[in-house]
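Here is a short briefing on charged side chains. Look over the sequence and the 3D view before you read on.

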Amino acid sequence: MLIQEEITIPVLSGETPRRLFIWLPGEAEESGDRYPVLYMFDGHNVFLDETATYGRSWRMQDYLEEQALPLIVVGVECNHEGNRRLEEYSPFDARMAGTGRIRGQGNLTMDWLVDELKPAVDAHFPTQPEREHTAIAGSSMGGLMSLYAVTAYNQIFSMAAALSPSIWVAPNKLVEGIRNCPMERNTRVYMDYGTRELGNHNRQRMLRGLERVYRTLLEKDCAACMRIVPGGTHSEASWERQVPIFLRHLGLQE
């Protein structure tokens with residue numbers, strides 16, 4: 001069952017409403033069971049084509065229904081105003097080509113998610129609220145945020161999936177942050193990038209950046225996985241195909 005609500009995030013966007021999506025397993029209301037939770041960035045692109053920015057979503061609703069997964073998935077719509085998505089999904093100040101200076105508000109985004117959204121979800125839905133049952137995932141800037149979240153907020157999240165993560169925003173700051181964050185050894189991290197999207201960037205620089213992040217995670221004794229997806233593109237259709245792979249690596253699907 002997919003629930004859609006309107007919420008506001010005053011610290012980020014005042015009283016401007018945005019959509020909150022919550023997927024509950026079909027038997028959740030009757031079974032009395034409690035479920036692990038996966039939080040996802042760009043929630044409007046996760047479940048339904050009709051709410052997706054470019055008319056194509058990850059189609060998570062279809063997949064979750066087909067697989068009957070015992071999993072709650074929570075997605076929050078991004079801020080569509082100007083460069084605000086980039087700011088809310090960047091943990092660091094940065095300068096981006098064609099955009100200019102970005103004032104990173106990723107810490108404010110995560111503080112809101114951890115201090116306000118997660119407690120509300122845990123209070124109203126049959127979650128397993130403990131760290132070992134809490135995951136976070138996203139793509140592109142949301143992938144960058146997922147890496148940031150599982151390291152800087154490792155006391156909350158034990159699992160993360162970062163699909164096509166925008167590590168180019170501030171690779172040195174990201175690696176330094178991972179090195180300096182205390183992390184539990186049972187942390188699981190999935191990362192990937194598509195071969196076709198690598199062609200749109202400086203391929204060698206992107207691969208070096210991915211490898212630096214991957215090796216730094218391994219130094220922290222994480223169960224890290226890095227994949228290069230044959231034919232993968234920077235699109236929801238490509239990310240949809242990786243869903244069963246990252247769910248299995250995170251231990252959220254058998």
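With which side chain does the side chain of D192 make a polar contact? The partner is the side chain of Y190, at 2.6 Å. A polar contact is a pair of N or O atoms within 3.5 Å; within protein, one must be able to donate a hydrogen and the other to accept it, and residues adjacent in sequence count only if both atoms are side-chain atoms.

This is a predicted model: local features need pLDDT of at least 70, side-chain atom pairs count only at pLDDT 80 or more, and totals for chains, interfaces and linings use all residues. Residues are numbered from 1 along each chain as its sequence is written, and side-chain values use heavy atoms, without hydrogens and water.

**D192**
- D192 sits in strand β9 (residues 188-194). Strands are DSSP runs of E, at least two residues; helices are runs of H or I, at least four; both are numbered from the N terminus.
- D192 is buried but has no salt bridge. Its nearest side chain of opposite charge is R227, 4.0 Å away.
- Buried means under 20% relative accessible area, exposed over 50%, partly exposed in between (1.4 Å probe, protein chains only).
- Lys and Arg count as positive, Asp and Glu as negative; His and the chain ends are not counted.

**Salt bridges**
- The whole structure has 10 salt bridges. Each is a side-chain nitrogen of Lys or Arg within 4 Å of a carboxyl oxygen of Asp or Glu.
- E88 and R18 form one, at 3.1 Å, N to O. E88 is in helix α4 and R18 in strand β2, so the pair ties together parts 70 residues apart in sequence.
- E88 is buried at 2% relative accessible area. R18 is buried too, at 6%.
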